[in-house]
Amino acid sequence: MVSPRTWRRGRRRLQTPRNALMLCLFALMLLTPVAANASVASQADAQRDLMAQATEVPVNGVEEPVAEPTEEPFVDPTEEPAVEPTEEPFVDPTEEPEGEQLGAIEIEYRECAPGYDVPGTDPETALMECDRVDDVLFEITASDGVPSSQLTGEFGDSHVSFTEVPTGATDIRQIDAPGDVYVTCNGIVQNGGPETGEMPLTVNANDTSVQWSLLDEEVAFCNWFAVPEGGEQVGAVEIEYRECAEGYVFLDGTDEDLLDQMLMACAQDDGVEFTIDQGGPEGDSQETGEFGDSHISFTEVPTGLRTVTQSIPFDDTYVVCNGIVQNGGPETGVMEVPVTNGVIEWDLLDEEVAFCNWFVAGAPGLLSATEMPTGEQVGSINVDYWECPAAYDLAAADPTALETDCTATANGVPFQISNAGGVIETQETGDINDGVVAFAEVPTGITTISQVNAPAVPRVSCEGIVSNGG
């Protein structure tokens with residue numbers, strides 16, 4: 001048995017560890033204010049040191065700069081940094097994205113003859129009548145200021161093709177144009193867009209350029225005509241001269257049949273002088289007969305208003321002329337030309353030939369209309385010869401059909417006239433005019449007209465007209 005004393009001693013020993021723990025906690029509680037006070041004291045000492053440095057006398061009178069304490073920005077460790085959202089650009093879902101807007105310019109180039117009237121000619125006709133020319137330099141300057149050049153012929157005869165041209169005002173020019181320039185264009189927007197229609201453009205005379213406002217997906221189709229300078233423009237005047245009896249009444253020479261009657265009724269005469277002015281101080285003179293019986297031919301005559309003068313004029317003069325521009329050009333038609341003291345005027349065009357019939361009345365040696373002939377009575381016989389197609393039925397043909405069906409003329413076909421005394425004269429068609437023979441001074445009376453060695457039986461119709469109103 002353990003004594004109570006022994007038990008109590010043993011119990012205290014058993015409690016020693018617990019008591020030791022309590023003592024440590026208590027000591028820690030006592031030391032905590034001391035540490036806190038020590039920290040406060042350390043802070044106070046630091047403040048005093050800063051104050052001492054601020055009041056400390058500088059060495060050699062130079063004050064040292066005092067570094068201000070920098071304050072660090074407060075950052076709450078629990079707060080997330082704010083992120084500003086970025087705004088996306090708005091896109092209309094119905095709007096197509098806009099790309100570069102482009103068009104094209106196509107040019108068809110022609111050079112025309114000097115003096116060619118481009119404005120007065122349909123563009124399609126001018127394209128056929130004027131010449132294609134390659135190696136002609138064209139340049140465009142697009143709206144972005146970037147130039148581009150091409151030679152005709154690179155993309156087809158006499159053609160240039162500028163593609164992917166930025167839209168807007170575009171300058172188009174021909175480099176070293178040979179003369180005046182005329183331009184028409186037609187702008188067509190592709191895929192059913194609008195069309196301008198063929199329209200003339202104003203040409204800048206300083207650099208032979210035009211301007212076109214090009215639209216997106218538009219193709220401007222242009223016809224470009226150049227009319228070279230230089231090359232004298234000339235024409236010709238042809239005169240068929242006749243002298244009629246005094247008092248002869250001129251018929252209407254604009255009618256072909258009446259003109260033929262006057263040509264038969266009035267006589268040819270050679271050695272009659274005519275003069276045409278050449279646009280200078282000196283003119284050109286000719287006598288009838290130098291280029292065919294009773295004929296005048298003035299060639300290489302400068303264009304413009306020209307005067308033709310009969311050197312020895314007649315009081316009674318009648319002239320009709322027909323001006324024909326060569327190579328399919330315009331024709332005036334037969335028209336009466338006023339005569340003043342043996343002078344006419346004619347506005348001659350380039351490549352024009354003025355064919356004139358010149359009649360005078362009262363020529364010496366010719367009978368007047370009121371005089372009866374004394375001596376041998378004579379007349380004249382003119383034959384127009386026509387050939388019909390092979391196997392053509394002359395006998396059955398209507399007279400009016402002959403004029404349209406039988407139109408071929410032939411020269412060198414011999415005809416002769418004869419009477420009771422024998423053969424009077426033989427002529428061949430073409431001696432005077434194509435397909436024509438003209439027998440003059442034929443004695444009156446029964447006269448036989450025959451085609452020598454005719455290949456077939458001809459069909460003949462005649463009309464007799466007594467001159468001077470007979």
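Q: Is Cys-388 buried or partly exposed?
A: Cys-388 is partly exposed, with a relative accessible area of 29%. Bear in mind that this is a predicted model.

Q: Which cysteine does Cys-388 join in a disulfide?
A: A disulfide joins Cys-388 to Cys-406, with 2.0 Å from S to S.

Q: And Cys-406, buried or exposed?
A: Cys-406 counts as buried, because its relative accessibility is 5% and the cut-off for buried is under 20%.

Q: What's the handedness of the Cys-388 and Cys-406 disulfide?
A: The torsion about the S-S bond is about 110°, so the disulfide is right-handed.

Q: Where do the two cysteines sit in the chain?
A: Cys-388 is in the loop between β19 (378-384) and α4 (399-405). Cys-406 is in the loop between α4 and β20 (414-419). The pair links distant parts of the chain, 18 residues apart.

Q: How many disulfides does the structure hold?
A: Five.

Q: What pattern do they follow?
A: Counting bonded cysteines along the chain, the pattern is 1-2, 3-4, 5-6, 7-8, 9-10.

Q: Which residue is joined to Cys-112?
A: Cys-130, through a disulfide with an S to S distance of 2.1 Å. The torsion there is about 100°, so this disulfide is right-handed.

Q: What about Cys-244 and Cys-266?
A: They form a disulfide, with sulfur atoms 1.9 Å apart. The link is right-handed, with 100° about the S-S bond. Cys-244 lies in strand β10 (residues 234-244) and Cys-266 in the loop between α3 (256-265) and β11, so parts 22 residues apart in sequence are tied together. Both cysteines are buried.

Q: Is Cys-462 buried or exposed?
A: Cys-462 counts as exposed, with 71% relative accessibility.

Q: Switching to charges. How many salt bridges are there?
A: A search of the whole structure finds five.

Q: Which residue does Arg-173 meet in a salt bridge?
A: Asp-207, at 3.8 Å from N to O. Arg-173 is in strand β5 (residues 168-174), and Asp-207 is in the loop between β7 (199-201) and β8.

Q: Which residues are linked with them in a network?
A: Glu-139, Arg-173 and Asp-207 are linked in a network of salt bridges.

Q: What about Glu-240 and Arg-242?
A: Their side chains meet in a salt bridge, 3.2 Å from N to O. Glu-240 is partly exposed, with a relative accessible area of 21%. Arg-242 counts as buried at 7% relative accessibility.

Q: And Arg-306 with Asp-277?
A: That is a salt bridge too, at 3.1 Å from N to O. Arg-306 lies in strand β14 (residues 304-310) and Asp-277 in strand β11 (residues 273-277), so the pair ties together parts 29 residues apart in sequence. Arg-306 is buried, with a relative accessible area of 9%.

Q: Now the nonpolar side. Which residues touch the most other members of the largest core?
A: Ile-107, Phe-138, Ile-172, Val-183 and Trp-224, in a core of 22 residues. Strands that each supply at least two residues include β1 (102-111), β2 (137-141) and β9 (218-228). The largest share, four residues, comes from β9.

Q: What does Ile-107 contact beyond its sequence neighbours?
A: Leaving aside neighbours within four places, Ile-107 is in contact with Phe-138, Ser-158, His-159, Val-160, Ile-172, Cys-222 and Trp-224.

Q: What lies apart from this core?
A: Another core, of 21 residues, among them Val-301, Val-308, Val-319 and Val-337.

Terms used
Residues numbered from 1 in each chain as written. Predicted model: local features only at pLDDT ≥ 70, side-chain atom pairs only at ≥ 80, totals over all residues. Heavy atoms only, no water. Core = buried A, V, L, I, M, F, W, Y, C linked by side-chain atoms within 4.5 Å. Buried < 20%, exposed > 50% of the residue type's maximum accessible area, 1.4 Å probe, protein only. Contact = heavy atoms within 4.5 Å. Salt bridge = Lys/Arg side-chain N within 4 Å of Asp/Glu carboxyl O. Disulfide = S-S within 2.5 Å.
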